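Subject: A structure for you to look at

Hello,

Here is the structure I promised to pass on. Have a look at it first, and then read my notes below.

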Amino acid sequence: MILYLVLFTLLMWAVGHFAWGPINAMMQKRQDKVNGDIDHAQKARSDAEDNQKKTAAALADSKNQAISIIAEAQKRGSAQEDAIMKQAHAAAAATQAAAEKDAAQARQDALAHAKDDIASLSVEIASKMINKELDASAHQQLINSYIKGLDDHGKA
């Protein structure tokens, strides 16, 4: 039994001296590698979270820019609409003014034509009066027909 005890002790010493150091070193390397992988995974996760936050911020910024671009486009569209409406109103006013001017000119022309007609009627009446001697009732009848002729020309 002592022999087994001595052999066991020698075997334990040999294992401890020759095998325990390399096994311990190998286990330490394995532990360092696992710790390094864990650290690397945590760093990668942290970087991914940072990138996700940056992406979310960029997306929000892009959305805000899109909203501002749309608002600016709507503002420009409204301004163009207002400008077009002002041009249309100005054109309509110019057309109305031209029509009123044309109407006034036509009225002036009609009045001038009416004056010419009145003058010719006056000359005609005067020539009739010269050619014919009138009594009071014929004179009144001639005046009434002259006034009626003026009213007819004024309505036309």
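Helices (H or I, at least four residues) and strands (E, at least two) are taken as DSSP runs, numbered from the N terminus. Counted that way, the protein chain has two helices and zero strands.

Before you read on: this is a predicted model, in which local features need pLDDT of at least 70 and side-chain atom pairs count only at pLDDT 80 or more, while totals for chains, interfaces and linings use all residues. Residues are numbered from 1 along each chain as its sequence is written, and side-chain values use heavy atoms, with hydrogens and water left out.

How much of the chain is buried? Of its 156 residues, 3% count as buried (under 20% relative accessible area; exposed is over 50%, and partly exposed lies in between, with a 1.4 Å probe and protein chains only).

With a side-chain nitrogen of Lys or Arg required within 4 Å of a carboxyl oxygen of Asp or Glu, the count is four. Among them is the pair Lys 33 and Asp 37, whose closest N and O atoms are 3.3 Å apart. Both residues sit in helix H1, four residues apart, about one turn of the helix. Lys 33 is partly exposed at 49%, and Asp 37 is partly exposed at 44%.

Another is Arg 45 with Glu 49, at 3.5 Å from N to O. Here Arg 45 is exposed at 59%, whereas Glu 49 is partly exposed at 37%.

Enjoy exploring!
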